[in-house]
Amino acid sequence: MLIAIVAHHSRRAMANDLASELEADSIFMDEHSAGANANHLRALSWAAEQSDRVIIIEEDALPVDGFRDKAQDWLTRFPDNLCSFYLGTGRPPQYQMQIAERLIVADKTRADYITLSRLIHGVCYSVPPEHVHRVLSRWDNSKPADYAVGDAWGGSVIYPCCSLVDHADGEPVERHPDSAPRTERRRAWRLA
């Protein structure tokens, strides 16, 4: 398992600290504010050249203790699935009710994960190695990074009920196409 960090140049110190903490294999620094879509694309292109599975994590992710081992357990369980290790509150608002309902069902059935029809957070995820080239071939440069990954994947996504990373929830560095301010609390529903 390899770890690639995607980072904005204004958060270089955060990226370096995270890389040190996780013993990351590569940092993709957006030096010229090209945007998250372009930077996630760079990280996935690098992942396509690796033989091991790659976890892509944003510099403002806050991993739980034992992140590497916990992530490896999930990737071993779901070798053929896109796995997201962050399930967040607030954004995107249109998914929050569905997330709440699925977590309630998971609790009732004692399941430790839910599925959603798309990737809704780019904070921390992993595409199976044998599918990275397909994701790259279907990439849409006009979408936010998380939707670009998930829509190119084209299938359901595994989300552990207890996220393996939280989100620092600082000021966004990305200018969003809708220009709407991001005022909702962006933290994990639950943490491992």
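**Strand pairing, core and cavity in a predicted model**

Biologist: How many bridges join S6 to strand S8?

Modeller: Strands here are DSSP runs (E, at least two residues), numbered from the N terminus, and two of them pair if DSSP finds at least two bridges between them. S6 and strand S8 (residues 157-160) run antiparallel, and the number of bridges joining them is 4. This is a predicted model, in which local features need pLDDT of at least 70, side-chain atom pairs count only at pLDDT 80 or more, and totals for chains, interfaces and linings use all residues. Residues are numbered from 1 along each chain as its sequence is written, and side-chain values use heavy atoms, with hydrogens and water left out.

Modeller: Buried means under 20% relative accessible area with a 1.4 Å probe, protein chains only.

Biologist: Which residues have the most contacts inside the largest nonpolar core?

Modeller: A nonpolar core is a set of buried Ala, Val, Leu, Ile, Met, Phe, Trp, Tyr and Cys residues joined through side-chain atoms within 4.5 Å. The largest has 34 residues, and those with the most contacts inside it are Leu-44 and Val-127.

Biologist: What is the volume of the largest cavity?

Modeller: A cavity is a set of points on a 1 Å grid over the protein atoms alone where a 1.4 Å probe fits but cannot get out, and its lining residues have an atom within 4 Å of a point. Leu-44 and Val-127 are among the lining residues of the largest cavity. With volume taken as the space filled by probe spheres set on the points, the largest cavity has about 50 Å³.

Conventions. 1 Å grid on protein atoms, 1.4 Å probe; cavity = no way out; pocket = protein on both sides within 12 Å on 5 of 7 lines; lining within 4 Å. Buried < 20%, exposed > 50% of the residue type's maximum accessible area, 1.4 Å probe, protein only.
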